[in-house]
Amino acid sequence: MNEVILIKYGELALKGLNRSTFEAVLVKNVRRAAKSIGPVDIQRSQSTMRVRAKDGGPLDEYADAIAKVFGVAAFSRACECKKDMTAICECACEYLKAKLLSVRSFKVESKRSDKSFPLKSPQISAQVGEYILEHFPNLVVDVHQPDIIVHVEVRDFAAYVHGNPDPGAGGLPVGTGGRAAIMISGGIDSPVAAWMMAKRGVELTAIHFASPPYTSERAEQKVIDLLSKVSEWSGTIRLFIVPFTAIQERIRDDCPEELFTVIMRRYMIRLAQRIARREGCLALISGESLGQVASQTLTAMVCTDAVSDMPVLRPLVGMDKEEIVRISRHIDTFDISILPYEDCCTVFTPRHPRTRPTVEMLEEAEAALHIDDLIEEAVSGAAKLWIGPRGRQ
């Protein structure tokens, strides 16, 4: 039995003259996802991609990997057979035997992409359905709410039979949306923001601010572990760990306490965009959600963005915590995020933060800092790691 995986596109199919470019990136990403399992042969035609394991590797593992590739709307394990009605009928009964024996009702849906095939789709469905009824007396046809749908696809290169498809990751292939830098802490929000932007095709660079001795090596490892989970979907992530202690201590010593957090975020933006621009990023990404904490008011966001020459993308801005947590559980980052290792955002937290600062107020407070030398030192002292398929380097 020749078993393959059929991949269906979502919005990728609507890209018009640019579709082939998006498809080529998707092929590359599927190969990347399958690389650790084994080599694959990929063929694409008519908004469908066929993936075949070259060495007959475990299809379950390939399917699990493909489920995390952005750009895949749905996928199915399918049996490939000759474009012949006898072969198609036999394949349906043999390949789906276990499922057909375990249900009470079914229907057949056919798609004839190869218009040279002599039967039209309704005729294919009728013949396959009749053949199944002859061989499975336990079944009845239910065209409205069947327990299983038997799918038959007659395509240019072969015919395929499969059951109900599995949902894919959706979105767009990573690498089609440019590169952006995610400012990542060890909390729940920023890994979700990274995942959401990767789903829109954005290739990720990550920037983490470390403040030893106020933060520990375990906090850095926590970020690495979070990004490892995200990289299962996004592919390799370049991580920069930026030393931030000296800047935070200067802010603590020379600025009004009520402005600590917003000033700290403004300097994070300054540092992040220096690294982001050097790495070819077009935007920054933040995990902020409007109104979630005192430093995430609309006024505070305007004040932090004022120091950036790059767009600051906030994919979570209109989401509540419950929605964010739901996604974090889906991508398996929640249990890591709640580990009790504090990040730099919890250092020197003001007792009564100002929720409506102004740019003028912040600029006046920052004038006393004179920390251009500390900024240069932090940028040049950033450690670089590769997280994901390339491994940690």
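Helices, at least four residues long, and strands, at least two, are DSSP runs numbered from the N terminus. The model described here is predicted.

**Helix α7**

Helix α7 covers residues 217-234, a run of 18 residues. From its first C-alpha to its last it reaches 25 Å, close to the 26 Å expected at 1.5 Å a residue. Its buried residues are A219, K222, V223, I224, L226, L227, V230, S231, W233 and S234. An α-helix has 3.6 residues a turn, so residues three or four places apart point the same way. After α7 comes G235, with a positive phi near 85 degrees.

**The largest pocket**

The largest pocket holds about 690 Å³ of space. It is lined by 35 residues, of which S185, R265, Q296, D343 and C345 are the closest to its centre.

Of the elements, α9 gives the most to the lining, with 5 residues.

**A nonpolar surface patch**

On the surface, L290, L298, V302 and V317 form a nonpolar patch. Together these residues have about 340 Å² of accessible area. V317 lies in the loop between β14 (312-313) and α11 (321-330). V317 counts as partly exposed because its relative accessibility is 34%, and partly exposed residues fall between the cut-offs of 20% for buried and 50% for exposed.

Key: Residues are numbered from 1 along each chain as its sequence is written. This is a predicted model: local features need pLDDT of at least 70, side-chain atom pairs count only at pLDDT 80 or more; totals for chains, interfaces and linings use all residues. Side-chain values use heavy atoms; hydrogens and water are left out. Patches are made of residues with over 30% relative accessible area and no salt bridge: like charges are joined within 9 Å, nonpolar side chains (Val, Leu, Ile, Met, Phe, Trp, Tyr) within 5 Å. Accessible areas come from the Shrake-Rupley method with a 1.4 Å probe; for residues, only the protein chains shown count as cover. A salt bridge is a side-chain nitrogen of Lys or Arg within 4 Å of a carboxyl oxygen of Asp or Glu. Buried means under 20% relative accessible area, exposed over 50%, partly exposed in between (1.4 Å probe, protein chains only). The expected span of a helix is 1.5 Å times one less than its number of residues. On a 1 Å grid over the protein atoms alone, a cavity is a set of points where a 1.4 Å probe fits but cannot get out, and a pocket is an open set with protein on both sides within 12 Å along at least five of seven lines; lining residues have an atom within 4 Å of a point. Grid points are joined across faces, edges and corners, and a volume is the space filled by probe spheres set on the points.
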